[in-house]
Amino acid sequence: SVSSIVPESCLLIVVGLLVGGLIKGVGEKPPILKSDIFFLFLLPPIILDAGYFLPLRPFTENLGTILIFAVVGTLWNAFFLGGLMYAVCQLGGPGLNHIGLLANLLFGSIISAVDPVAVLAVFEEIHINELLHILVFGESLLNDAVTVVLYHLFEEFASFEQVTILDIILGFLSFFVVSLGGVLVGVIYGVIAAFTSRFTSHIRVIEPLFVFLYSYMAYLSAELFHLSGIMALIAAGVVMRPYVEANISHKSHTTIKYFLKMWSSVSETLIFIFLGVSTVAGHHYWNWTFVISTLFFCLIARVLGVLVLTWFINKFRIVKLTPKDQFIIAYGGLRGAIAFSLGYLLDYKHFGMRDMFLTAIITVIFFTVFVQGMTIRPLVDLLAVKKKQETKRSINEEIHTQFLDHLLTGIEDICGHYGHHHWKDKLNRFNKKYVKKCLIAGERSKEPQLIAFYHKMEMKQAIELVESGGIGKIPSAVSTVSIQNINPQTLPLERVLPALSKDKEEEIRKILRTNLQKTRQRLRSYNRHTLVADPYEEAWNQMLLRRQKARQLEQKMNNYLTVPAHKLDSPTMSRARIGSDPLAYEPKEDSENLPIITIDPASPQSPESVDLMSEEPKGCSGLPPSPEEDEEGLVMRVKEPSSPGTDDVFTPGTSDSPSNQRMLRCLSDPGPRPEPEEGEPFIPKGQ
C-alpha cells in the first residue's frame with residue numbers, strides 16, 4: 001500500500017539511509033558510491049535497456065522537440081543557474097565570496113541536467129501518455145552530451161590562468177565532437193553486432209552475449225576518448241536491434257529481454273540505496289543561503305526554460321503542447337545519481353568547496369525525487385492528463401500506419417517539400433536494398449515488413465496461449481502463413497524480361513523524359529495567393545451553367561407533358577388482382593403502336609411505381625384509328641430491363657407458361673424498385 005503513494009526510488013533511498021545509519025551506529029565507516037563504479041558498472045545497463053527498447057517511432061517524430069529541450073534547455077539551465085549562484089556568492093557574505101564564476105558555472109552544469117534513472121523510476125509508475133514520456137525521457141538521455149562537454153570544459157578552464165576566446169570557440173565545437181562522435185561509435189558497434197549475429201545460427205547460446213559485449217564496448221570506447229558514452233549506448237541499441245532480432249532465435253531474444261530488464265532493475269536499486277548510504281557517510285558542509293538559493297533557482301530555471309522553449313516549439317508543431325503538458329514537463333525534471341557522481345569526481349585542489357556542492361546536490365536530488373516524485377501522480381490525476389493506453393498492435397493498425405506513411409511521402413513529393421517522411425522513405429529504401437542483405441541472413445532479408453510483423457504477432461500469441469494453459473483452445477485449422485513456415489516452398493523463378501537493344505532503350509528513355517512530368521524536381525510550395533488564373537475557367541463555368549439550365553428545362557417540360565394515370569388501388573389489392581388473373585396483363589400480339597404503361601405491382605409504393613415509357617396518341621401516325629384499337633384502349637405491356645445487369649423477370653416470353661411462372665415468382669418475391677432514370681416522366685403522388 002505504501003508503494004502506491006511513494007515511488008520505489010524514494011523507498012530505496014530511505015532503505016539506504018537506514019542501512020547507512022546502522023553501519024555508522026555500530027562504529028563502521030559506510031561505503032560511498034564511487035564515481036568509477038557508478039559510471040563503469042551501474043549506469044550502462046540502465047541506458048542499454050532504455051536504448052535497446054526505445055520506442056523508435058515516437059522518438060524520431062519528436063526528435064526536434066527533444067533536441068531543443070536537451071541542448072538549449074540544458075544550456076539555459078546551466079548558465080542561468082551558474083550566473084545567479086555567482087551573484088548569490090558575491091552577496092552572500094564571507095563564507096561564499098571566494099567561489100568564482102567558473103566554479104559556479106561548473107556547479108550549474110552538474111545540477112542542471114535531468115537524470116534518466118530518476119525519470120525512468122518515476123514516470124514508468126505513473127503511466128503517463130507516450131508523448132510526455134518520450135519528451136522528458138528523451139531529454140534526459142540526450143542532454144548527457146551537453147553535461148559532459150560543460151563539465152570537462154569548466155573543469156579544464158579552472159586550471160587555466162587565462163581563458164581566451166579561442167578556448168571558448170573550441171569548447172563550443174567540442175560539443176559537436178562529443179555528441180556526434182558518441183553516436184558514430186555506437187553506430188559502428190551496432191553494425192558489427194548485427195553482422196556478427198548473421199553467423200551464429202549454429203551456436204545459439206552465445207547470441208545474447210554478443211549483444212551485451214558490443215554494447216559495453218561501445219560505451220567504454222566512447223568514454224575512453226571523452227565522448228558521450230550514453231549517446232553511444234543508445235545508438236548501438238537502436239541500430240542493432242532490428243537486424244539482431246531477425247537473426248537470433250526466439251530463446252535468445254527472450255534471454256536478452258529479461259536479462260536486460262533484470263540487470264537494469266538491479267543497477268537502479270543499487271544506485272538509489274547507495275545514494276542514501278552516501279548521504280550518511282559523506283562529508284557535508286551546510287550553508288543555508290547557498291543550498292536554499294540552489295533549490296529555488298533550479299525550479300525557476302526549469303519552469304522558465306520550458307515555458308519559453310514550448311512557446312517557440314509550438315509555432316512549428318502540428319500537435320501543440322498544452323499548458324498541462326508544459327507543467328508535467330517542467331515538474332518532471334528530476335535530478336539523480338549522475339549529478340551526485342559528477343560532483344563526487346571534483347578535485348579538492350581546484351574546488352575546495354566540493355563538500356558544499358555535494359550537500360546542495362544531495363538536497364536538490366532529495367527534493368525532486370521525494371517531493372516532486374511523490375506529488376506528480378496526484379497532480380496527473382487532478383489535471384486529468386491523458387494516461388498511457390495499453391493496446392496490442394494489430395495487423396490492421398500496421399497496414400494503416402504504412403499506408404499513411406506512403407501517402408504522406410507522396411504528398412510531400414507532389415508539393416516539392418522534402419520533409420522527414422521523404423527522408424524516412426529514402427532511408428527505408430536504402431535499408432531494404434543494401435543494408436538488410438548484408439546484415440540479415442537467409443530469406444528473412446527479403447521478407448516484407450508486414451509479413452515479418454505477422455510472424456512476430458503469431459509467435460507472441462502462441463506463447464501467450466501456452467503460458468495461459470489455453471493450448472486446447474487452438475483451432476485445428478492452421479493459418480496459411482503457418483503452413484508455409486512448416487512446409488517451405490521453393491520460391492518461383494523471377495520472370496526473365498526480354499533483352500532490349502541499346503538504341504531501343506535510349507529511344508524509350510527519350511520518350512519518357514519528354515512526355516512524363518518530372519515529379520522529383522524541387523517545386524515551389526503550394527500557395528493559393530500565387531496561383532495563376534486559368535483564362536478558360538470562366539467560359540467553362542458558363543458553359544456548364546447553360547447545360548445545367550437546359551437539362552432542368554427539359555425535365556420540367558417532360559413533367560408537364562406527362563399524361564396523369566388513374567388512381568390505383570392499394571398495393572395489396574393490385575397484387576391480389578393480378579395474382580388472380582395474370583393472363584389479363586399479358587401483352588397482345590398486335591399492339592405495336594399503342595401506348596405502353598409499365599406497372600410494377602410487386603412494389604409497395606403504388607403511385608410511384610407507374611412509369612409511362614412511351615405514349616403515342618391515336619392518330620399521330622397519320623391513319624384514322626381503327627375500331628379494334630378503340631375497343632382495346634390502352635394495352636399493358638411489361639417493362640423491358642433497362643440494362644443487361646438488371647433482373648429479366650418481366651421479359652415477355654413467346655409461350656404462356658414460362659411467362660406466367662415468372663410473373664407469379666415476381667409477385668411472391670418483390671424485388672427493389674429501380675430508380676427512375678433522368679428524362680423519364682414524373683407523376684406526382686397526389687394524382
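This passage describes the overall make-up of a predicted model and then a few of its local features. Residues are numbered from 1 along each chain as its sequence is written, and side-chain values use heavy atoms, with hydrogens and water left out. Because the model is predicted, local features need pLDDT of at least 70 and side-chain atom pairs count only at pLDDT 80 or more, while totals for chains, interfaces and linings use all residues.

The protein chain holds 25 helices and 3 strands, both taken as DSSP runs numbered from the N terminus (helices: H or I, at least four residues; strands: E, at least two). Of its 687 residues, 38% count as buried, where buried means under 20% relative accessible area, exposed over 50% and partly exposed in between (1.4 Å probe, protein chains only). The accessible surface comes to about 41,600 Å², with 63% of it belonging to carbon and sulfur atoms; areas follow the Shrake-Rupley method with a 1.4 Å probe, and for residues only the protein chains shown count as cover. Among contacts (heavy atoms within 4.5 Å) between residues at least 6 apart in sequence, 81% join residues at least 24 apart.

Spanning residues 354-382, helix 16 has 29 residues and reaches 40 Å from first to last C-alpha, close to the expected 42 Å, a figure given by 1.5 Å times one less than the number of residues. A kink of about 35° lies at I376, shortly before the proline P378; the bend is the angle between axes fitted to the seven residues ending at a residue and the seven starting there. After helix 16 comes A384, with a positive phi near 55°.

F172, found in helix 9 (residues 165-197), is exposed at 53% relative accessible area.

The loop between helix 10 (207-224) and helix 11 (229-247) contains S228, which is buried at 0% and touches D144, A145, V178, G182 and A222, not counting residues up to four places away in sequence. H226 lies in the loop between helix 10 and helix 11 too, with a positive phi near 60° and a partly exposed surface of 49% relative accessible area.
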